[in-house]
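Let's take a walk through this one together. Have a look at the fold first, and then we'll go through it piece by piece.

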Amino acid sequence: MSGWSLLLQAADEPLTAFESALNDPQAAQHALLMQIIGTNAACEFGRAHGFAGVQTIADYRMAVPMRTHAGFERQISRMADGEAGVLTSSPVIAFEETGGTSSGAKLIPYTVESLASFRNAVLPWLADLARRRPGICAGKTYVSISPATRAPRVTAGGIPSGLATEAAYLGDDLVGAFLSILVVPPEIATI
């Protein structure tokens, strides 16, 4: 089975879920918010913002003020040092460092759930692309997700900074399939 075939097969379930959510986007977004709040009610951030009592989007808006990345830098630094349960109840499995075009590089934490969310967004997009432009599956593609030319690192807490390859964003089960459709191998970024 080709890489494209494996990716499109893996896209079936997330595509169906996405198309179902389009029937009532407001309900789908509310359900997702409640799931995230419920999952993270016990972390420091969830306790500080009363996630246990949040039932509506209005409750959430009242409980959690808007802030920029700078408003989370102290907590993210603690997470990078290895402290668990700060902004999320789930363990941080990796960080990604932004390019830092406006105010320096910023660390973005990833959990298993956040990577699954990325996968569940990208796979339906690929399936829709293949549906609308089936010829795309006959060739290779260029993809760049992570900042290029950055050597793998770990934080002070031993958490990887950067994922091993762009394919990791789609899950271990799809790494081979994803790599097989790339026109430029990820290793080129290290040159």
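As for the cysteines, Cys43 sits at 2% relative accessibility and so counts as buried, while Cys137, at 24%, counts as partly exposed. Buried here means under 20% relative accessible area, exposed means over 50%, and partly exposed is what lies in between (1.4 Å probe, protein chains only).

A word on what you're looking at: this is a predicted model, where local features need pLDDT of at least 70, side-chain atom pairs count only at pLDDT 80 or more, and totals for chains, interfaces and linings use all residues. Residues are numbered from 1 along each chain as its sequence is written, and side-chain values use heavy atoms, with hydrogens and water left out.

Now zoom out. The protein chain has seven helices and four strands, and along the sequence they come in the order α-α-α-α-α-β-β-α-β-β-α. These are DSSP runs numbered from the N terminus, with helices being H or I of at least four residues and strands being E of at least two. The C-alpha atoms fill a box of roughly 50 × 45 × 30 Å along the principal axes, and 32% of the 191 residues count as buried. Take the contacts (heavy atoms within 4.5 Å) with a separation of 6 or more: residues 24 or more positions apart account for 57% of them.

Next, find helix α1 (residues 3–21) and helix α6 (residues 112–132), whose axes come within 7 Å and cross at roughly 110 degrees. The axes are lines fitted to C-alpha atoms over the stretch in contact, with angles running from 0 to 180 degrees between N-to-C directions. That makes α1 and α6 roughly perpendicular, a label that covers 65 to 115 degrees. On the α1 side, the residues that meet α6 include Trp4, Leu8 and Phe18, and their α6 counterparts include Leu123, Leu126 and Arg131.

Two more stops. Glu97, in strand β1 (residues 94–97), is buried, with a relative accessible area of 15%. Its side chain makes a polar contact with the side chain of Arg153 at 2.2 Å. Finally, Ser77 lies in helix α5 (residues 73–80) and is partly exposed, at 39% relative accessible area. Ser77 and Gly38 are 39 residues apart in sequence and 24 Å apart in space, C-alpha to C-alpha. As for that polar contact, the term means a pair of N or O atoms within 3.5 Å; within protein, one must be able to donate a hydrogen and the other to accept it, and residues adjacent in sequence count only if both atoms are side-chain atoms.

Note on methods
Parallel < 35°, antiparallel > 145°, perpendicular 65-115°, else oblique.
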